[in-house]
Each structure stands twice: as structure tokens, then as C-alpha cells.
Amino acid sequence: MTVDTLTRQGSGRRSVRRQRSAPRQSPRRRIAATTSRWLIGTGLALLCAVWIYPFLWLVSASLKKPAEIFAKGLNLIPDSPIWENYVRAWSEVGFSSYFLNSVLITLGTVALVIFRSALAGYVLGRHDFIGKRLLIGILLVTFFLPEGYTIIPITQLTDRLGLLNSHLGVILGLGAGGQVAATLLYAGYFRAIPKDLEEAARIDGAGPLTIFFRIMLPLAWPITATVFILQFLYAWNAYLLPLVFTLSQPELRTLAVGMTAFVGEHDTDWSGMAAAAVLSLLPVVAVFIVLQRRFVESLAGAVKQ
Amino acid sequence: MDHMTATPHRERSTLRRLREDWWIYLFLLPTVVGYGAYTVYPLVASWWYAFLDWPGFAMRGTFIGLANFKLLWHDDLFWNAFTNSLVFLIISVPLRVGLALALAIVLNRPSTPFRGLFRTLLFLPVVTTGAIVGVVFTLILDADGPVNLALVKTALIEEPVNFLGNAGTSLYSAIGVWVWKWLGITLIYWLAALQTIPHELYEAARIDGAGPWREFRYITLPLLVPFLLIITLIDMVGALNVFDLVMTLTGGGPAFSSEVIEVYIYRTAFQATVPQLGYASAAAVLFGLLTMVLAVLQAIGVRSVRRGMAAR
């Protein structure tokens, strides 16, 4: 950095600049600050290395021979990468169909939640109607309802509807109830949009549906992005409900459920297991890395409310 | 709620309002139907099921009054699961909230290098699938796995410990993995909370000669109390929803040593040869009550803190 500033700005300018940014610091204090900066940096770097070590170990295990995983100690580099592990997990164990199930169920759940929360959030945020307080009250009371509490009635309901062994059953189970946060996020956003926008459209003769789909929903794209991320995580990582719903229907398993079934059926194929785990985690980690900033902002925004 | 917008509508009669606002109810339809069927109905139905002897989804239940609750009261395994859930909560939540706060304070300092990168790495486990993380950690925490190798090599322990296969350590290992997996999200919450504190406050304190500790004690901490309550509540509810991780790590074992309430419910309702759906529902109802008590206590706490701040 110093070299960079030197060449670009010349030494004279640089000293002026430094004086301005830290006028009262003595050299000794500056050295102490730099030292503590590096100590903290090194400490955090070590912590993060330990933190993500399980993932590094997992990727390494997925490229080793089963015997090699535990025999080579802490060495993460495989003798020679065995890509065949991935082929085995993908086709022989059936992860290709688990993957497809996970994608279908996740996309279905995300679409369902966005559709119903955007509609409900819009009227809750912008309009007054009979029953509004009751509705908000119910939403808030059930905010923290645990999944273990609702699983038996939901299973029974899905069974009655004849959807127990279908993708739709899992999608409805995950997305039709709950997810209050998404509705509240939309309501909060729509509340802040100025009223005149709708008035103008109404004078031009637009009905409520046109106003919502043509004007309001496109305006709310940041919330749609946030809800997409949160629901993608939720649905992709869901376990209890897909597990219960597919107990008698192995071909409907999602990746999370398939993984645990794999453990029961091939309990010594550790490298196949590791490859399957990498395949299952890859999409969600990829989405995270691409949309990182938005991820963090969505979660931070949720707690500030 | 919206008193400003409510005023002009006041002249309209109830009937007319209902007729004119038909589209509002149309917009609410998907939520009302979905939410009614998949959240409100289960909430109510669980109570009814708790009074039934109901040996399977294909059968009809028979009303047996309070018999399920009486049985639960004397069921050692239920109380074992209940205690395990509470132990899980009491150990993991302070750990998660405290560690995340310490890290957030360090990561919030402008002088800390690579803040974005560190934050991303610490957050990474949060996005991963709990059930898959659980399976992976059965290998990592294995007696021959990397954690034991590292601990033996650095002479922190003499003999490898079978963390998950040992009744004395299984629950605590699950707590450790859970804190590792979810710490990142609490960290983000804390960072968001810290950013609501105006920077000028610290500058003023520094001019008055306050050191880092006094800054923390007299500025950061008091302003963080409302966030502390909300974050603790979110993490507590999280600590009661650990089915995916515990089920895949230990399955509740060995010898029920790490069986939390959700695993107990799952086992009685879905894994038993004769499913005991009514009995499991009674356990679920008690579990729901526990969660609700915690949420209400927190809500009271938040309200009293807000009132205290407004009074000041």
C-alpha cells in the first residue's frame, strides 16, 4: 500500500495526507495500534481456519479412497483425486433424483411463499379492513411455533388430502403455513411507499390487481430477493417434514433425507458419503457466495425490525 | 394500526366496507387458507389429539381424557428428553450469544483487517443443511477422526474420545456442533445492532479519556440491552428446534443421553412399531407450552426495557 501511494502521489503529498488523517497520534501509539491490528487479524485468521476446517476436510475426504480418509491423519491432500466418488454418489446411490426432488420442492416452496406473502403483505401494509387486527394478532402469536409441535397434525392433514407421497404435499407442508417473517417484511416495505402512486394509477382506471402486479410487486423486488434467499435456505435445508412425508416413498427423498438414508445403507463408503454431502451443500453455498451481501443485509434487516 | 387512513372510511357501513373491499379479502385468501390449514389448525388440533388414544394415521382415535398426560408425568424418558432440551438451551444460548457478541465487537472495529472476509467465513456454516452437517460431523468427531487426531497430537487429551458414542459427552458434543453451525447468524444480528450506535458517542467518550472497557461498559452495553433480549429469544427458539442436527449426529443416543424433546416426539409418533400419535401430541403440547412461556417472558422483558428507556 505504501509503495502504491508513493508512486501514485509522490512523497510530499503523501506526508500531508497522513498528517491530516491522524493528526494527534505519536509514532509509538501508531506502532502499538499496528501491532494490535495484526494480532487481532492473526487471531481471527486462525479462528476462521478452524471454523471452516470441517468443510475443507469434507472436500478432501470426497476425493480420497475410503481407507485413506482415516489412515492419513490430518493430511488434507489426497494421494490422487478420485472423482469416481462423485459419479458413484450421483448415479448409483440415487443422488441425481434426490437432487431433482430438492430443486423442485425448494422452488415450489419459494414461489408459494413469495406469492402469498406479497399479496397479504400488500393489503396488511397499505389498507385498513375488517379483521386486520385479528389477522395480525394470529400471525404474531404463531411466530415462534416449533416444527415439532405441528408435525403430527400437518402429516394427518396431508394424508387426508391424499398428498402424503407427492412433491406438492411437501411444498404445501413447508410453505403454506408459517413463514410470518416474509409477510411482515412485505408489509413493512409496502407501508413505506407513498400513497400518490396508487392514486394516480386509480385515476387512470387501474383496478387493484393491475396496481399490485404492474406497480407494487415490481417495486418490492428488494423484499422479493430477501424472501427468496430466506425461503431458499429454509426449504433446501428442511429435514423433519420431508423425512416424515417420504418415510414410505424413498423416491421422493430430498438431499437431506437421502443423505441419512445413505448412511444407513452404505455405512462404510465414507468417501461416497463425503462426495454426496459436497453435492448437497454446493448449491446453497453457491447461492450464498453469489448473493452474499444481500444475505447479510436481509438477516440484519430482520432483527432490526 | 393506520389511524390516518381509517378516518375517511368511518362513515361507511360495515356491509358496504365488506362489499367494497372484496379484493382485499381476495388478496388474503392464499394466506388465510394456507395459514389456517397448516398453522392454526395444527395448533388447535394438537390439543385435541393429546386427549386421544390414536395408534396410527389410518385409524380413528378414541377419547381417553387426561390419560396421556398422566402417563407422560410418570414417563422417565419424557422427562429425560425435557431435561436434555433445557440443558441444551441453557448451555448453548449464552455460549452462542456471548461468543457472537465478542466477535461482533472485534469485527465492528474499523481497524480490524479483512472484516468482510472473516465475517463471510464465520457465517458459512449457517447456510449449510443441518442434517448433512450432522452426518459429516459423525465422521469428524469419530474416535479416529480429525478432531481426536488433533487433540491427541497436541497432547490436550491422552486417549481419543468417542464424542458422540459416549453417554457422558454426546449431548455436549451436539451443543458444540450447534453453536458452531449457528454462531454466524447471531454474529450478523450483533453487527447490525452495533451499527445502530452512533459513532459520535465513541468519539465523545474518547475525548473524555474513556478506555475500551469503559466504552463497552457505559456506551455499548446499555444500548445493546433491547437487542440482547430479541437475539436471546431468537436463539432460544432455535435451541428448541434442533431435530435435524441431533437426529443425524446421535439419533438421540447412546441410551437416550442426547434425546431432546423433538426426537422423543418423532420416535413415539413415527418410529415406533405401534405409533402413539395421541401420546406424542401430548408431549408436543407440553413442548409448545414451554416455547410459548419463553416467548412471553421475553416479550415482557422487551416491553419493560423499552418503557425504561422511554422514561429516561
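The questions and answers below concern a predicted model of chains A and B. Residues are numbered from 1 along each chain as its sequence is written, while chains are lettered from A and ligands numbered from 1 in the order in which they are written. Because the model is predicted, local features need pLDDT of at least 70 and side-chain atom pairs count only at pLDDT 80 or more, whereas totals for chains, interfaces and linings use all residues.

Q: How many helices and strands does chain A have?
A: Helices (H or I, at least four residues) and strands (E, at least two) are taken as DSSP runs, numbered from the N terminus. On that basis the count for chain A is 17 helices and zero strands.

Q: At what angle do the axes of H3(A) and H16(A) cross?
A: The axes are lines fitted to C-alpha atoms, for helices over the stretch in contact, and angles run from 0 to 180 degrees between N-to-C directions. Helix H3 (residues 27-62) of chain A and helix H16 (residues 270-290) of chain A have axes that come within 7 Å, and the crossing is at roughly 125 degrees.

Q: Which word describes H3(A) relative to H16(A)?
A: Angles under 35 degrees count as roughly parallel, over 145 as roughly antiparallel, 65 to 115 as roughly perpendicular and the rest as oblique. The crossing angle of roughly 125 degrees therefore makes H3(A), relative to H16(A), oblique.

Q: How many residues does chain A give to the contact with chain B?
A: Two residues are in contact if their C-beta atoms, placed from the backbone, lie within 7 Å. Chain B contributes 78 residues, and the number from chain A is 73.

Q: Which helix supplies the largest share of the side of chain B that touches chain A?
A: The side of chain B that touches chain A divides into 54 nonpolar (Ala, Val, Leu, Ile, Met, Phe, Trp, Tyr, Cys and Pro), six charged (Asp, Glu, Lys and Arg) and 18 polar residues (the others, Gly among them). The largest share of this side, 18 residues, comes from residues 22-49 of chain B, which form helix H3.
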